[in-house]
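Thanks for asking me to look this one over. My notes follow, point by point, for you to read alongside the model.

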Amino acid sequence: MFADVARIFVKSGKGGNGHVSFRRELYVPAGGPDGGDGGKGGDVIFEVDTGLNTLEDFRNQVKYIATPGEEGGGKRMHGKNGKDMIIRVPEGTIIKDDESGKIIADMSGSNNRLVLLKGGRGGLGNMHFATPTMQAPRFAQPGQDSRELWLRLELRVIADVGLIGFPNVGKSSILTMCSNARPQVANYHFTTINPHLGVVNLSGDRSFVMADIPGLIEGASEGVGLGYQFLRHIERCKALIHVVDASGSEGRDPVEDVETIHEEIRKYDASILERPLIIAANKTDLIYDMEDPDNGYQRLKRAYEPKGIKVLPISAATNQGLRELLEAAWEFVDKIGNTPVTYQSEISPEEVGKVEQLSIILNNPTDGVFTVEGPKIDKMLGYTNLEAEKGFNFFQHFMVEQGIIKRLKKMGLKDGDTIKIYGHEFEYLDTEEYDAGKRDDFKDENFGVSDHKDAEE
């Protein structure tokens with residue numbers, strides 16, 4: 001089966017943590033810090049592969065995760081950067097945020113490579129935190145968190161001209177006669193179950209791409225038949241050729257056939273019908289008298305030519321009228337130009353991808369004691385030296401930036417209360433001014449945390 005929709009999970013690599021280590025040299029205080037920086041996490045990158053024409057590969061693999069950066073090492077050694085996750089898609093693939101449905105990128109035209117999720121930055125090693133007053137910092141910076149996202153991929157074939165119409169009206173036969181495409185052709189409905197593309201070459205070094213859009217029937221816009229999943233492929237076409245059985249060999253009325261298909265397209269996207277349209281009255285070789293005003297061809301002319309729509313008699317079986325049909329299609333393509341139909345981004349790649357979060361648990365206070373714990377707090381304490389002034393300042397910034405103080409204040413935290421974190425207790429000071437820079441994070445939030453006592457003591 002033709003795969004033109006896929007849902008996948010992507011995740012960039014986490015940045016490697018900075019390293020804490022010291023040189024072992026004589027006369028160097030505390031050995032001297034020489035912890036290296038962590039490596040950068042791998043990016044998630046989409047690239048167009050012109051050799052692909054379906055999203056079939058994404059049925060077998062759903063998760064695409066880049067490699068995290070490695071932790072820095074001693075002797076100022078930089079951690080290894082994570083390997084990028086490169087995802088190859090066919091041209092014409094639209095990348096959407098699965099949750100919101102907004103378009104992130106259209107992989108067509110000049111946009112053949114996209115860095116969707118950037119890997120986390122590597123953390124700084126403790127060698128960066130040495131100062132004249134703190135020559136042996138025992139903490140380093142953690143790596144930046146990864147970003148993750150569920151995506152919806154939609155393939156919309158890129159063609160200049162689209163062949164639309166009921167099944168078994170001769171669309172595949174026209175494509176076979178006019179191009180290098182070789183779709184299956186047989187005398188039964190739904191012979192074609194996949195969109196087919198072919199290059200039509202005309203005299204004078206002129207050419208355009210034509211697509212056979214299969215399976216459109218009444219109710220297609222509501223999911224009936226095959227049409228619903230292929231209606232999206234019409235959206236990129238610059239012009240449409242509506243192929244209709246003018247002979248009525250299927251027992252249907254050709255004018256009603258045209259109106260039925262147009263109504264389904266109108267329900268899907270009414271703007272598509274504003275594009276140039278030609279009606280190809282096929283199977284005219286089966287019409288006994290072409291001048292008979294009651295035959296299908298004459299009735300189509302009376303119904304649509306007053307509306308400015310060309311109605312051309314053709315016979316795909318005998319190759320009659322095809323050259324005139326292609327020349328008429330070329331006039332529209334040439335007038336519109338070579339710029340492909342593309343979709344604008346509705347959301348920036350920088351705005352997507354939830355940052356991986358480690359939970360922070362805030363327990364209900366007891367006698368003015370607020371307990372904070374969780375893997376993120378435990379991880380932070382693992383690389384922070386609370387006994388050093390700079391390490392303690394780093395801890396205070398962490399409590400503010402993660403919104404922990406703000407959440408505790410909503411729970412009733414006030415001046416003089418105690419914050420308990422894994423064996424450490426801190427007295428909360430609601431100061432008049434908190435000197436933490438001019439970032440918006442700290443606006444109207446004046447507070448501080450002082451080391452009260454060690455619970456283990």
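**Notes on the sheet, its helices and a hairpin**

1. Let me start inside the sheet. Strand β9 (residues 161-164) and strand β11 (residues 206-212) run parallel and are joined by three bridges. If you want a pair to click on, V161 has M210 as its bridge partner in β11. Please keep in mind that this is a predicted model.

2. Now the sheet as a whole. It is open and made of six strands, in the order β10-β11-β9-β12-β13-β14, with mixed pairing. The edges are taken by β10 (196-202) and β14 (310-313); each has a single partner strand, so one side of each is left without a neighbour in the sheet. From one strand to the next, the twist averages 25°.

3. On the α3 side the contact is made by P254, V255, V258 and E259, and on the α4 side by G296, R299, L300, A303 and Y304. Sorted by class, this contact has six nonpolar, one polar and two charged residues.

4. Strand β18 (residues 418-421) pairs with strand β19 (residues 424-429) in the antiparallel sense, over four bridges. I419 stands opposite F426 in β19. Two residues lie between the strands, and Y422 in the turn has a positive phi of about 45°.

5. Finally, some overall figures. The protein has eight helices and 20 strands. Of its 457 residues, 49% are buried. Taking contacts between residues at least 6 apart in sequence, 70% join residues at least 24 apart. The accessible surface comes to about 22,900 Å², and 46% of that belongs to carbon and sulfur atoms.

Technical notes:
Residues numbered from 1 in each chain as written. Predicted model: local features only at pLDDT ≥ 70, side-chain atom pairs only at ≥ 80, totals over all residues. Heavy atoms only, no water. Contact = heavy atoms within 4.5 Å. Nonpolar A, V, L, I, M, F, W, Y, C, P; charged D, E, K, R; others polar. Pairing = 2+ DSSP bridges. Buried < 20%, exposed > 50% of the residue type's maximum accessible area, 1.4 Å probe, protein only. Areas by Shrake-Rupley, 256 points an atom, 1.4 Å probe, with all protein chains shown as cover. Axes fitted to C-alpha atoms, helices over the stretch in contact; angles between N-to-C directions.
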